[in-house]
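Biologist: I would like to learn how to read a model of this kind, one feature at a time. Please give me the general idea first and then the case at hand.

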Amino acid sequence: MEHPASAAGEPKLRHVEKDVLIPKMMREKARELCSDKVQDFTKCCQETGFLMVIKCQQENAALKECLTAYYSDPAFYEECKMEYLKQREEYRKTGIPAKQKQQKLPTSM
């Protein structure tokens, strides 16, 4: 039987997928894309300890700016949504979650 949403060409997303799972994927991908800023902020925090709130404002601002740029980009949301739908479809076919699949790959490449 065909999915009811495939008639319109757009797969149906449940509330939890739209509001939780896709944004979670966006956060993970944005952290990777902003990894230099994440590292700068982490390094600053490790070096300054308790004073990090004051001393790491610049690194924190740069990190927030980088992440927010991705969170508010509709094209980035679409990209993550398509990736999510691909993973969901794969899971429905195989029963293997994408995270488990990645772990099964050889680690030495």
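Biologist: Is Cys-45 buried or exposed?

Modeller: Buried means under 20% relative accessible area, exposed over 50%, and partly exposed in between, with a 1.4 Å probe and protein chains only. Cys-45 has 16% relative accessibility, so Cys-45 counts as buried. Cys-80 is buried too, with a relative accessible area of 0%. Over the chain of 109 residues, 21% count as buried.

Biologist: What should I know about where these values come from?

Modeller: This is a predicted model, in which local features need pLDDT of at least 70 and side-chain atom pairs count only at pLDDT 80 or more, while totals for chains, interfaces and linings use all residues. Residues are numbered from 1 along each chain as its sequence is written, and side-chain values use heavy atoms, leaving out hydrogens and water.

Biologist: How many helices and strands does the chain have?

Modeller: Helices (H or I, at least four residues) and strands (E, at least two) are DSSP runs, numbered from the N terminus. The chain has 6 helices and 0 strands, and its elements run α-α-α-α-α-α from the N terminus on.

Biologist: How many disulfides does the structure hold?

Modeller: A disulfide is a pair of cysteine sulfur atoms within 2.5 Å. The structure holds 2 disulfides. One of them joins Cys-34 to Cys-66, with an S to S distance of 2.0 Å. Cys-34 lies in the loop between helix 1 (15–33) and helix 2 (35–48), and Cys-66 in helix 4 (residues 57–71), so this pair ties together parts that are 32 residues apart in sequence. The torsion about the S-S bond of Cys-34 and Cys-66 is about -90 degrees, so the disulfide is left-handed. Cys-34 is buried at 0% relative accessibility, and Cys-66 is buried at 15%.

Biologist: Which cysteine does Cys-44 join in a disulfide?

Modeller: Cys-44 is joined to Cys-56, S to S 2.0 Å. Cys-44 sits in helix 2 and Cys-56 in the loop between helix 3 (52–55) and helix 4, so the two tie together parts 12 residues apart in sequence. With a torsion of about -95 degrees about its S-S bond, the disulfide of Cys-44 and Cys-56 is left-handed. Both Cys-44 and Cys-56 are buried.

Biologist: What pattern do the disulfides of the chain follow?

Modeller: Counting the bonded cysteines along the chain, the pattern is 1-4, 2-3. Cys-45 is in no disulfide, and the nearest cysteine sulfur, that of Cys-56, is 4.4 Å away.

Biologist: Now salt bridges. How many does a search of the whole structure find?

Modeller: Side chains of opposite charge can pair when their charged atoms come close. A salt bridge here is a side-chain nitrogen of Lys or Arg within 4 Å of a carboxyl oxygen of Asp or Glu. The search finds 8 salt bridges. One of these joins the side chains of Lys-29 and Glu-83, at 2.9 Å from N to O. That pair links distant parts of the chain, Lys-29 in helix 1 and Glu-83 in helix 5, 54 residues apart. Glu-83 is partly exposed, with a relative accessible area of 27%.

Biologist: Which residues are linked in a network of salt bridges?

Modeller: Arg-14, Glu-17 and Arg-88 are linked in such a network. Between Arg-14 and Glu-17, the closest N and O atoms are 3.6 Å apart. Glu-17 counts as buried, at 1% relative accessibility. Another salt bridge is formed by Asp-36 and Lys-37, at 3.5 Å from N to O. Here Asp-36 is partly exposed at 39%, and Lys-37 is partly exposed at 27%.

Biologist: Last, how much space lies in the largest pocket?

Modeller: On a 1 Å grid over the protein atoms alone, a pocket is an open set of points with protein on both sides within 12 Å along at least five of seven lines, and lining residues have an atom within 4 Å of a point. The largest pocket has about 620 Å³ of space. It is lined by 19 residues, and those closest to its centre are Met-25, Tyr-84, Gln-87, Ala-98 and Lys-99. Helix 1, helix 5 (74–94) and helix 6 (98–104) each supply at least two residues of that lining. Helix 1 gives the most, with 8 residues.

Technical notes: 1 Å grid on protein atoms, 1.4 Å probe; cavity = no way out; pocket = protein on both sides within 12 Å on 5 of 7 lines; lining within 4 Å. Points joined across faces, edges and corners; volume = space filled by probe spheres on them.
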